[in-house]
Amino acid sequence: MKLTTEEIQEGSKVITEFMGYKIKDRHGEYAVILNDPHTEYLRCWAKYDSSWEWTMPVVDKINAMGKAFSLAIFKNYISLTVEKSGNKFYKDFSFSHSEYITGEQTGKEAIFKLLVKFIKWYNQQVTSTKLETTK
């Protein structure tokens, strides 16, 4: 299924925040503001849904989080699996999901949807862990 404008906007905001960038909203489009020691500058509109150049740093950040990581891109689907062993501060987690590539949905859109699903899921895990440690 083709991504809607609302899905792209919401997903871009979720990914931008996950990457630690500031967001500038202009009429529903999210621009990424990178911090530079000398100035704050705009990196253009977030293109996580349409550019591998934007997608791959997100994949790299997720890869660095887990003990086991797998991103598989096939002709008909993309699969993402991230597993992390817990320690005394963090809970174990395991995430695995696939997204189909169809005539209506490109590989870039499929990976965008997978990354948004993972980040939303991950944010829920972090929130629930924080709640457990404050009890």
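Accessible areas here come from the Shrake-Rupley method with a 1.4 Å probe, and for residues only the protein chains shown count as cover. With that in hand, hello everyone: the protein chain exposes about 8500 Å², and carbon and sulfur atoms supply 52% of that area.

A word on what we are looking at. This is a predicted model, where local features need pLDDT of at least 70 and side-chain atom pairs count only at pLDDT 80 or more, while totals for chains, interfaces and linings use all residues. Residues are numbered from 1 along each chain as its sequence is written, and side-chain values use heavy atoms, with hydrogens and water left out.

Let's start with the layout. The protein chain has 3 helices and 6 strands; these are DSSP runs numbered from the N terminus, with helices being H or I of at least four residues and strands being E of at least two. Following the sequence, you would read α-β-β-β-α-β-β-β-α.

How much of the chain is buried? Of its 135 residues, 36% are, where buried means under 20% relative accessible area, exposed means over 50%, and partly exposed is in between, using a 1.4 Å probe and protein chains only. As for contacts, meaning heavy atoms within 4.5 Å, take those between residues at least 6 apart in sequence: 41% of them join residues at least 24 apart.

Now to helix H2, residues 52-65. Its 14 residues should span 20 Å at 1.5 Å a residue, and the end C-alpha atoms are 20 Å apart, so the two agree. The expected span, by the way, is 1.5 Å times one less than the number of residues.

Which residues of H2 are buried? They are Trp54, Thr55, Val58, Val59, Ile62 and Met65. These residues cover an arc of only 130° around the axis, which puts them on the same side of H2; the arc is that of the directions from the helix axis to the C-beta atoms.

Ile73 belongs to strand S4, residues 68-73.

On to the charged pairs. A salt bridge is a side-chain nitrogen of Lys or Arg within 4 Å of a carboxyl oxygen of Asp or Glu, and the count comes to 3.

One of them pairs Glu10 with Lys120, at 2.5 Å from N to O. Glu10 sits in helix H1 (residues 5-18) and Lys120 in helix H3 (residues 107-134), so this pair links distant parts of the chain, 110 residues apart. Glu10 is partly exposed at 43% relative accessible area, and Lys120 is partly exposed too, at 34%.

What does Glu99 meet in a salt bridge? Lys113, at 3.4 Å from N to O. Because Glu99 is in strand S6 (residues 93-100) and Lys113 in helix H3, the pair ties together parts 14 residues apart in sequence. Glu99 counts as buried at 10% relative accessibility, and Lys113 does as well, at 18%.

Glu99 also forms a salt bridge with Lys117, with the closest N and O atoms 3.0 Å apart. Lys117, in helix H3, is 18 residues from Glu99, and it is partly exposed at 33%.
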